[in-house]
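Please keep the sequence and the model in view while reading.

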Amino acid sequence: MSRIELPATASAENIFARPGVLDLTPRQNTVVLGPLLEFLAKHHPHVGQVLLGIADKPWDRNDIRQLESLLVREIEDPAIVRDSLRVLRKATAFYMLRERRKLPLPRIPVLPAEPKNPFRNPVQRELQRYAVWKATLKKWIWEGDAAGKSEKGATPAGSIAPLIVSAILHGGLVNMASVLALVRAFPDLNRHVALTDGRLHLDLSLSWRGIPDMETRRWQPDALTAVLLLRTPGGRG
Amino acid sequence: MAASRQSRNRNTKSAAGNQPFIAQLLAMAKAAGQDDSLLREILWRIQAHPELAGLIYICRHLREILALAPEIPGFSLAALEMDDWDPVLSWILTKKTSLAEGLFPKGRDSRLKDNFLQSAKNPILGIGAKRHGLCCLLWASHPRLSDAGLQRNSCLLQAHILRAHVAILRHLGPHEIWDLEQEPYPGFRDSLYLPTLAARRFLRRSSVWSYALLGLPVHSGVDELPNELRRKETESATVAAAPQAETLENLDHPVSTRNVSRARTSIAGFLEWGCAPESHSKRTHDGHGLGGGGEWIRGEGDKEDCKTGTTTYFGDADGVHRHAGNLQHTFHRRFDPGTSRQLLASDMDPNEYLLTPSVSLADDAAAAAFANAGWAEKTNQMLPWSYSLLSTFELAHILREIADRRQRPEDMELHAMVQTMLWTGSSVEQAMALLVCVKGTPAPDCDLSFSIQAATNANSTASGAWRVRALALPYRTLQQPVTGKDRERTDYFVLPDLTAVSDSIQLWLRYLREVVKAPAAQTAAMRRQPFRIFGNDDYETRLPAFLRAIDSSGRITVSKIQRTLFQQIVERTGGDLASAALLTRTDHYLASVRRFYATPGVIHLQNIYRDAVGNLAAKLAQGGYPATQACPVSREKNAGCSGAVGSRLCPTRHAVQSALAWLRSKIRKKPAPGTDEGFLTEFVRRHNKYTLYCVWSFGLAVGVRGIRTPYLHSPAIDPDSGFATISDKDSGSGYHLRLIWVPPKVRQQMQLYEAYLSSLKNRGLPPARRKQPCYFLDDEGNPVPVQPATILPMTRQFFPFPTNFARRFIRTELLELGVAPEIMDAWMGHWWRGEEPWGRYSTFSYAKYREVLQDTLVPFLDELGLQPIALETWP
């Protein structure tokens, strides 16, 4: 843990003099606190002055809003704003406890994750890849048929690779968790596969945040994938 | 003093670059032997309007103020270098007629000349009051001309504000003010504007404000006045007791003593700033009050500028949960004057590019949890089953209850008020400002008015029409309309009264006429002047109490009633937020950027309104409230139907067709044999025009923004589907990348262009490459990039529109042709969090998108005359 350099003017009542009592996480202690103290020393917001022990008059709601606005305005990276506000919440809460006063706290910062745009990569290249994979799948299926007739050795066509590729290309299994669930289902495929009213479907068991079997998703494959599934050794039953 | 004069001269060189009227006035001053640098200094210190609106009256009042100023202890004109202003002001006043004729000769927009000489109504209001707050204040004198005390006090108040203003600007030093988009720090202009707004309130005719003005200690010294004003604030009870004798005159100008108190505080803060500008600390406010200071973080209730922050409320801003569970979304604004200037030159909103979402701030843990669960995203989707909306049955129940109670006068008034809010989507404030006109009343200059057909006849069929002022966009540059080539815009539009709001308004009007005997409500008086029908100032408290009496659960709030029409329009149009904002005069944050690209025709808006209101009325009828009383459209049936509203510089279809035809003819024109020099000129001319044609074809098809190289290399487009990805706004995260579909004819044009560029290899010019798929040639025949700075000089003569004209033009045209707004949003690349067409919960289909564009955009491009043309390769 690095030692925090405090402003020269800070008195003994500086809240940040003993960061240990603020219940900061190791990251907040090592990464966030230092730049935050520099920020407070540079911009002199009233809340910062009180926390640093430079001013006595407790802050009000407007001072808190001013501090929030200052952080948003001066710091471009929202993650740093969020981290700084979290530390400030802890510091102001501690100040309230110590001084036995009821004062407004900074609001809770939330940084919603920015969704990933599926068109991040050039779509033309992705469509080319799609065409190549379709051609590859076609080739594997033909090869598989030929190998089945001539009973040659193992080829990709003889493995579950065509099934996985078909499931992704045509069956709509486009996230990794679902594909992995399909693969995991193979050792005991009969337990997962069912045929209802002429329609094949698979019960895929998905994990959630590392905990297995938290969700069961019923997947109905397309015709080609269903045929490939039935042709795999486990699927024939 | 000599040093400061030098400073003035230095400013002279840099200022007024893009302010033609100011530059012309300075030139006229110089020609007349006046000190033009001093004049420039004056215009800067008062932040004059670039069109010189109201300058004559401002100069007249400035002279009066400067004459009175020495009476104020501590006000030294010499210290502020204002002691030598009088000769220049006097020159302007004596030469006003010749100046007006010289600045605004015949043939120019007569409005500019009228504004310059304007004496009847404040010309700066509506065209820049926020940016030129001091001018707006200086133009005004107290309306009670006969009252010398009021005149004197108002003049002294203006003197104090002027002194502080000049001191602050002097402290900030020389500044390139003429580039109006600049400000020393975000929020600076608000800090100047709000105190001037507060001071203008004291110049109202209302007895409350007049009384307050008389009580202002404006004779106090410069240093004492702020404290005196603050001290006065504590004595507000005195003011509150004064205007007990309410008259109908007061009803026209509802004010509250709380507003007086706020205004005093605001002025006091500003004067303190002016006394010691060096020790001023920028303060931030939460969106309430008028306190002088810096940047605001605003909430949903603020109409000024929703872009600096928006709030998502758990329920309503005025609901039972208003103090908890709110989530404020903040934005970081990059201070980048260069980019800002470039964007403004292209007539784009800089906030679209310079604002980036920062953290959201939750009031409590519940709001934080909701935010993490995607609450804000869901709010942005404007789903019809939101908690903050009223169901049809709830709404029908309220309206039935209100209608049943309207025998009592106070309920009669509230019934008319609620009807107005519901069917116009107005807030309480907007509804309170409603002016009612009868036949013969001059058209009022207000946001919302209502014309009734037969106000005097109790048995007549109720009918009428709303007259709505189009919601203005916060433009920060001056752009003259391209007469004859752009969609003609109108300031007002008329909406029919489809649900017989006339009934309730006439009922209340009749009561005011016959029982209250209000003079201003009589027909003869109303013929001369429109009548403000909702004259009380306590609706903000009375209306919620009235609604609580109907439904004690707290579900029914004023905000929900106000929001109903906006939501209805959004639902009926499939998400046309810009039209909903224009029709209801709601500056909704989701519509803020979209409005910069929407210039819908008035007829189109009227059709949307008819559909939305008709549908809502039908649903209410099912819920037990028969609202539908299809009234004949009033005498103004045809009035206000022409023109368009919204963003400016949207070309007409004919203008685009003509420009494309002209361009084609120039490209096809065979070069005449001549010298080598002539050959090069001809070659460059044809190459540039051909390149421009290709760039326009691409821009019209995909709506690319006005960026450097607004074009794609054709191998980047999937040959089978025509899909490609472009990044014309993205900051690096990929969030704003968008999928585009390039129509076959445009792809063909691109291939022809690339073949042409390949043929230029023999002339030492590069072929099309991914990094440089197109280029112009300079006079020497060297490649230069295609960008707004190189496109604009080329198009200025025959098509004087910004480079991104296609976005505004195609969006407006296709929406009027019936294309769904969500398709156009995907085409434009407009989405906020939760609205992404590729988002997790989105049901948007790109296959359908292509299908719709194939059916609408392709025929439209054909109609424009966009055909692939080849340019023969030269030897």
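Predicted model: local features only at pLDDT ≥ 70, side-chain atom pairs only at ≥ 80, totals over all residues.

A:Trp208 has a relative accessible area of 49%, so the residue is classed as partly exposed. Within chain A, A:Trp208 belongs to strand S3, which covers residues 199-208.

Which residues make up the nonpolar surface patch that includes A:Trp208? The patch is formed by A:Trp208, A:Ile211 and A:Met214. Together these residues present about 330 Å² of accessible area.

B:Gln328 is found in strand S2 of chain B, a strand made of residues 327-333. Is B:Gln328 buried or exposed? Its relative accessibility is 5%, and B:Gln328 therefore counts as buried.

The side chain of B:Gln328 takes part in a polar contact with the side chain of A:Arg107, at 2.7 Å.

## Cysteines without disulfides

How many disulfides does a search of the whole structure find? Over all chains, the search finds zero.

The case of B:Cys694 shows the reasoning. The cysteine sulfur closest to that of B:Cys694 belongs to B:Cys774 and is 8.3 Å away, which is too far for a bond. For comparison, a disulfide requires the two sulfur atoms to be within 2.5 Å. B:Cys694 has a relative accessible area of 1% and is therefore buried. B:Cys650 also counts as buried, because its relative accessibility is 1%.

## Salt bridges within helices

Side chains of opposite charge can pair when their charged atoms come close. Over all chains, a search of the whole structure finds 36 salt bridges.

One of these joins B:Glu401 to B:Arg405, with 3.8 Å between the closest N and O atoms. Both residues belong to helix H20 of chain B (residues 392-405), where they are four residues apart, or about one turn of the helix. B:Glu401 is partly exposed, at 25% relative accessibility, and B:Arg405 is partly exposed as well, at 28%.

Another salt bridge links B:Lys848 and B:Glu851, whose closest N and O atoms are 3.5 Å apart. These two residues are three positions apart in helix H35 of chain B (residues 846-864), so about one helical turn separates them. B:Lys848 has a relative accessible area of 45% and is partly exposed; B:Glu851, at 43% relative accessibility, is likewise partly exposed. Elsewhere, salt bridges with shared partners connect B:Arg487, B:Arg653, B:Glu813, B:Glu816 and B:Glu863 into one network.

Terms used:
Residues numbered from 1 in each chain as written. Chains lettered and ligands numbered in written order. Heavy atoms only, no water. Patch = residues over 30% accessible without salt bridge, like charges linked within 9 Å, V, L, I, M, F, W, Y side chains within 5 Å. Areas by Shrake-Rupley, 256 points an atom, 1.4 Å probe, with all protein chains shown as cover. Salt bridge = Lys/Arg side-chain N within 4 Å of Asp/Glu carboxyl O. Buried < 20%, exposed > 50% of the residue type's maximum accessible area, 1.4 Å probe, protein only. Polar contact = N/O pair within 3.5 Å; in protein donor to acceptor, adjacent residues only side chain to side chain.
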